[in-house]
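Me: Could you please take me through this structure? I would like to begin with the strands and then turn to the helices.

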Amino acid sequence: MKKVISMLLVVAMCLCVLAACGAPSTPSTPDNSGSSQPSGTTTPPADGAVVIKIGGIGPLTGGAAIYGIATQNGAQIAVDEINALGGDIQIEYDFQDDTNVAETAVSAYNNLKDWGVNIIYGTTTTSPCVTISSETYADRYFQLTPSASSPDVTAGKDNVFQMCFTDPNQGVTAANYVSEEGLASKVAVLYNNGDAYSTGIAQGFIDQANTLGLEVVTEQTFPADTNTDFNVQLTACKDAGAELVFMPIYYTPASLVLAQASQMGYDPLFFGGDGMDGILGIEGFDTALAEGLMLLTPFNATATDERTVSFVEKYEATYGEIPNQFAADGYDCIYAIYEACQQVDGLADMIANGDNAALCDALIAIFTSGEFSVDGLTGLGMTWQANGEVSKAPMVVGVENGAYVTK
Amino acid sequence: MIKNMSKASRSGLINYGIVIVVFIIVKILMGAGAMSNMLQSLLIPACCYIVMAISLNLTVGVLGELSLGHAGFMSLGAFSGIIAATALQTAIPFPALRLLIAIIIGAIFGGIGGVIVGVPVLRLRGDYLAIVTLAFGEIIKNIITVLYIGIDANGLHIATKQSNLNLLEDGIAIVKGPMGAVGVSKISTFTAGFILVIVTLIIVQNLVNSRQGRAIQALRDNRIAAESVGISVTKYKLMAFVTSAALAGAAGALFGLNFSSTGAVRFDFNTSILVLVFVVLGGLGNIRGSIIAAAVLYILPEMLRSLNINEYRMLIYAVILIIVMLVSNNPQLKALFGKIIPKRRKGDAEIV
């Protein structure tokens with residue numbers, strides 16, 4: 001008898017769970033501010049304005065949370081600015097946590113679909129993005145990612161565009177810069193072989209260096225789990241006589257590399273990728289160690305142009321910290337989507353009918369038209385190629401007296 | 001008729017009943033369009049975690065050995081299954097058949113991993129299995145992270161650097177080092193997941209209630225007494241452990257073929273512990289508990305999204321886990337439940 005009761009209880013429980021969240025997935029109409037009020041919108045939409053639902057995905061908890069939160073906040077500032085303009089296009093913005101795990105990203109994405117999303121902004125990190133981009137490709141949603149940099153993100157998917165450089169491109173750009181400026185003839189590469197970002201850039205750099213005749217004297221790697229002791233790798237670089245160490249790695253291990261190199265009295269030129277951005281902000285890090293460090297980054301928070309200054313001011317006032325390049329990429333993404341939407345014919349009908357496939361095709365046509373260009377914080381006159389990659393001028397900054405100086 | 005059956009087989013029948021009824025309800029809801037996209041996307045992974053939990057319960061609950069690397073077997077199954085499914089893409093056009101082959105290959109590789117770990121370690125007494133499986137999971141993760149595997153007309157190519165892969169023009173790279181497997185065609189279905197759960201239940205419940213299963217439980221309860229009546233320790237321990245590893249491999253193959261990309265880091269120590277949490281919360285040796293705990297605890301954090309508490313979602317999940325753990329072990333509450341359900345007897349909650 002008890003078994004029967006417990007079985008009935010289980011069935012009842014399952015029914016409750018399924019029914020409670022079994023909201024039908026009909027696309028909600030623009031003026032329907034239902035139960036799932038997004039966190040972003042502060043100003044009520046103007047009468048007759050088209051409300052576009054932009055759904056973001058990125059890690060808000062876990063080890064990669066700083067990147068997700070930065071992209072969330074940067075985009076939020078752009079959304080607030082656009083809504084404050086009170087134009088014909090208003091943005092409703094929701095950002096879902098994916099904890100940097102692909103399967104969680106899929107449910108975050110489906111959650112946004114249930115919300116009635118029109119355009120996907122994200123995901124922040126690469127490996128969830130590869131999964132999500134094939135989902136959006138199948139479902140025909142337009143997707144623009146601020147920072148997922150692997151070529152696999154856009155490969156074979158016409159609806160996915162990137163705001164950041166792809167990894168191999170970044171490596172190629174760095175090798176070109178080193179060669180053109182004559183910084184060194186013997187280079188060593190130190191990278192994390194457990195990380196797609198790091199291996200991607202390193203591979204691009206090594207290939208290009210070989211083409212340009214730069215001598216790569218040694219390739220040193222470390223695994224993703226144990227990245228606290230770099231003495232072995234640095235000694236190998238030193239013994240090989242490297243004048244420049246290219247390290248496309250994140251800033252936390254990079255700060256240890258710099259400290260350990262200084263301890264062993266090895267002082268080559270260190271050159272990093274955009275993951276190095278943030279190294280000056282590490283608590284307890286002696287910025288004198290980073291003196292002379294060069295890195296590729298699309299965004300310099302100390303730049304003095306009007307837009308950067310205004311963005312940094314707003315960001316600091318709202319979130320209490322200096323924005324990094326992820327926040328700037330997020331800000332640019334929202335403006336790129338906004339400016340493209342302004343050029344879409346019949347936008348109001350598409351949104352009203354929930355016709356995201358038509359919107360997706362229209363946006364793809366605009367992004368790849370060659371005439372569409374966006375001036376943002378991370379570059380002027382940014383355009384996109386048909387394969388989803390962005391074209392913008394790379395920027396190299398050096399650390400002088402504890403601050404970035406654009407080279 | 002049910003009255004005349006033994007308690008164990010009645011309980012087993014109820015487990016099948018629960019799974020089948022839930023499957024039918026879900027199918028009806030899906031057919032009626034009354035199910036959100038998010039919930040639908042959770043169904044297949046939930047099936048995988050249910051299989052993982054049942055199979056780990058065989059090791060932890062029935063055999064009484066702690067395994068901390070169950071995700072390692074899942075990883076083996078996932079990547080071997082993905083490689084098999086991608087390699088057979090042109091040879092076998094039917095996705096269902098390809099999925100079946102991939103799951104079988106995943107199970108075989110999981111089982112081989114189980115033999116490699118089990119043969120030396122299960123001869124030892126003490127907690128060695130926990131330590132070795134922990135290391136095994138990490139080793140698998142690190143090996144797959146540096147491997148590049150591709151396929152072309154000449155067969156499989158395996159290298160540790162992308163440039164050494166030497167694929168022909170028409171070749172495809174299936175596993176790309178730290179990116180993991182990319183561009184996988186998604187062939188897993190909820191029905192396949194349901195069938196896998198049922199097959200797992202049949203295997204595990206029949207094993208537990210067989211002569212061999214009683215030998216395994218005797219080893220758990222008193223090794224010396226079991227040896228004294230002539231039960232071969234290593235043989236029966238290996239039987240349970242390899243079955244468990246093979247089922248984890250099958251679950252991994254289903255899991256890997258449900259996403260278009262899968263990285264080896266997904267199957268890390270945390271995933272092993274997650275499955276262990278399902279087993280412990282469901283009750284050691286309690287298969288029905290494992291099913292319910294895996295389903296509820298996997299879906300719960302995603303359900304919490306609807307509360308719009310982004311930053312605190314995982315925190316609340318953790319608090320719920322702690323509360324469930326405390327409540328389920330509280331003697332007063334147990335006594336209270338005993339009063340509500342009068343027929344509850346001591347010993348009833350054991351092996352079901």
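**Strands and helices**

Reply: Strand β12 (residues 379–384) of chain A is joined to β13(A) by two bridges, and the two run antiparallel. Strands here are DSSP runs of E with at least two residues, helices are runs of H or I with at least four residues, and both are numbered from the N terminus. Two strands pair if DSSP finds at least two bridges between them. This is a predicted model, in which local features need pLDDT of at least 70 and side-chain atom pairs count only at pLDDT 80 or more, while totals for chains, interfaces and linings use all residues. Residues are numbered from 1 along each chain as its sequence is written, chains are lettered from A and ligands numbered from 1 in the order in which they are written, and side-chain values use heavy atoms, with hydrogens and water left out.

Me: Which residue is the bridge partner of Thr383(A) in β13(A)?
Reply: The partner of Thr383(A) is Ser391(A).

Me: In what order do the three strands of the open sheet in chain A lie?
Reply: The order is β11-β12-β13, with antiparallel pairing. The edge strands, β11 (374–376) and β13 (390–391) of chain A, each pair on one side only.

Me: How many bridges join β14 to β15 in chain A?
Reply: Four bridges join β14 (residues 396–400) to β15 (residues 403–406) of chain A, and these strands run antiparallel. Val397(A) stands opposite Thr406(A) in β15(A). Their hairpin has two residues between the strands, and Asn401(A) takes a positive phi near 55° there.

Me: Now the helices. Is α4(A) mostly covered or uncovered?
Reply: Helix α4(A) is mostly covered, as 10 of its 14 residues are buried; buried means under 20% relative accessible area, exposed over 50%, and partly exposed in between (1.4 Å probe, protein chains only). The buried residues include Cys129(A), Val130(A) and Ile132(A). Just after α4(A), Arg140(A) takes a positive phi of about 60°.

Me: What about chain B: at what angle do α11 and α12 pack?
Reply: Helix α11 (residues 287–303) and helix α12 (residues 313–328) of chain B pack at an angle of about 145°, with their axes 9 Å apart. Axes are lines fitted to C-alpha atoms, for helices over the stretch in contact, and angles run from 0 to 180 degrees between N-to-C directions.

Me: Finally, where is Asp94(A) placed?
Reply: Asp94(A) is in strand β2 (residues 89–97) of chain A. Asp94(A) is buried, with a relative accessible area of 8%.
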